[in-house]
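Visitor: I would like to go through the labels used for this model. Please set each value against its rule.

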Amino acid sequence: MNMKERRDAGLAYISDEAVFEEQAAARRILQKLNFMDRSDFDGIAEVVKELLGKSEGAMINPPFYCDYGTHIEVGKNFFANYNCTILDVAKVKIGDNCLFAPNVSIYTAGHPVHPVARNSAYEFGKEVTIGDNCWIGGNSVICPGVHIGNNVVIGAGSVVTKDIPDWSIAAGNPCRVLRQITEADRRVLFRQEEIDEEAWADITARMQFTEGE
C-alpha cells in the first residue's frame with residue numbers, strides 16, 4: 001500500500017510527496033477563502049463548496065483551516081464561525097443543521113505515544129462523526145475517533161475525548177454528559193428565560209409548515 005492508501009485505511013502512514021500534493025491543493029483554496037472580502041457571502045459560499053466538494057447551504061466564516069477539505073462531509077445548513085480548524089486526515093462526517101461557535105477544532109490526526117515510534121514520522125487518522133442538529137460551543141476540541149450523536153449541545157471550552165449519546169448536553173475537560181435535552185427545553189432561550197411570544201409564534205408556524213410538507 002502507498003502512503004495515501006495507508007492513511008485512508010486508518011493505518012500508520014508518513015506524509016510523503018503524494019500526501020503533500022493533496023494538502024497543497026487544499027491550501028490554495030484556503031488561501032483564496034481566508035483572504036476574501038468578508039462581506040462577499042455568496043463568494044465565500046462558492047469557495048466553501050469548492051473546498052468541501054459536497055455541501056448544501058454550507059457557510060464558513062473565514063479564517064478556516066483544514067488539511068484536505070475533501071475528507072470533510074457536511075450535511076444541509078452547516079455553519080462554522082470564525083477560526084474553525086478541522087484536521088481531516090481521516091473522514092469527518094457532520095450531519096444536517098449543525099452549528100460551530102468560534103474556535104472549534106476537530107482533530108482526526110494523531111501520533112504514537114512512545115517517542116521512538118513518534119520520531120519515525122509515522123502518524124495516523126481516526127474518523128470523527130457528528131450527528132444532525134448539533135451545536136458545538138466555542139473553543140471546543142473534538143479528539144480523534146469521537147462520535148457525537150444527534151441533537152447534542154457541547155458546552156464552550158470542552159475537550160471531547162469519548163463518544164456523546166443523542167439528546168445530550170455535555171461539557172468539560174474531559175467532556176461529560178451533564179443531562180438530557182427534554183421537552184421542557186423546547187421554549188428555553190437562555191437559562192430560565194423563555195423565547196418571547198412574537199418569536200415563539202413564528203417558530204411554531206415554521207414547525208407546522210415543516211411538518212405539513
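Predicted model: local features only at pLDDT ≥ 70, side-chain atom pairs only at ≥ 80, totals over all residues.

Guide: Residues are numbered from 1 along each chain as its sequence is written, and side-chain values use heavy atoms, with hydrogens and water left out.

Visitor: Why is the pair of Phe-78 and Phe-100 called edge-to-face?

Guide: Rings of Phe, Tyr and Trp (its six-membered ring) pair if their centres lie within 6.5 Å; planes under 30 degrees apart are stacked, over 60 edge-to-face, the rest tilted. By this rule there is one aromatic pair. The centres of Phe-78 and Phe-100 are 5.1 Å apart and the planes stand at 85 degrees, so the pair is edge-to-face.

Visitor: Where do Phe-78 and Phe-100 sit?

Guide: Phe-78 is in the loop between strand S3 (72-74) and strand S4 (79-80), and Phe-100 is in strand S7 (residues 99-100). The two are 22 residues apart, and the pair links distant parts of the chain. Helices (H or I, at least four residues) and strands (E, at least two) are DSSP runs, numbered from the N terminus. Both Phe-78 and Phe-100 are buried. Buried means under 20% relative accessible area, exposed over 50%, partly exposed in between (1.4 Å probe, protein chains only).

Visitor: What makes Arg-7 lie over the face of Tyr-68?

Guide: The rule asks for NZ of Lys or CZ of Arg within 6 Å of the ring centre and within 35 degrees of the ring normal. Arg-7 lies over the face of Tyr-68, at 4.6 Å from the ring centre.

Visitor: Why are H2 and H3 called roughly antiparallel?

Guide: Axes are lines fitted to C-alpha atoms, for helices over the stretch in contact; angles run from 0 to 180 degrees between N-to-C directions. Under 35 degrees counts as roughly parallel, over 145 as roughly antiparallel, 65 to 115 as roughly perpendicular, the rest as oblique. The axes of helix H2 (residues 17-34) and helix H3 (residues 41-52) cross at roughly 170 degrees and come within 10 Å. H2 and H3 are therefore roughly antiparallel.

Visitor: Which residues of H2 and H3 meet?

Guide: Ala-26, Ile-29, Leu-30, Lys-32 and Leu-33 in H2 meet Ile-44, Val-47, Val-48, Glu-50 and Leu-51 in H3. Contact means heavy atoms within 4.5 Å.

Visitor: What stands out in the backbone?

Guide: Most residues other than glycine have a negative phi, and most peptide bonds are trans. A cis peptide bond joins Pro-62 and Pro-63, with omega about 5 degrees. Another cis bond joins Asn-173 and Pro-174, with omega about 0 degrees. Asn-103 has a positive phi, near 65 degrees. Ala-121 is not a glycine, yet its phi is about 80 degrees.

Visitor: Why do Asn-103 and Ala-121 count as partly exposed?

Guide: Asn-103 has 28% relative accessibility, so it counts as partly exposed. Ala-121 has 42%, so it is partly exposed too.

Visitor: How do you know that Asn-34 and Ser-140 are buried?

Guide: Asn-34 comes to 11% relative accessibility, so it counts as buried. Asn-34 lies in helix H2. Residues up to four places away in sequence aside, Asn-34 touches Pro-62, Pro-63, Phe-64 and Tyr-65. Ser-140 has a relative accessible area of 0%, so Ser-140 is buried. Leaving aside neighbours within four places in sequence, its contacts include Asn-103, Val-104 and Ser-105.
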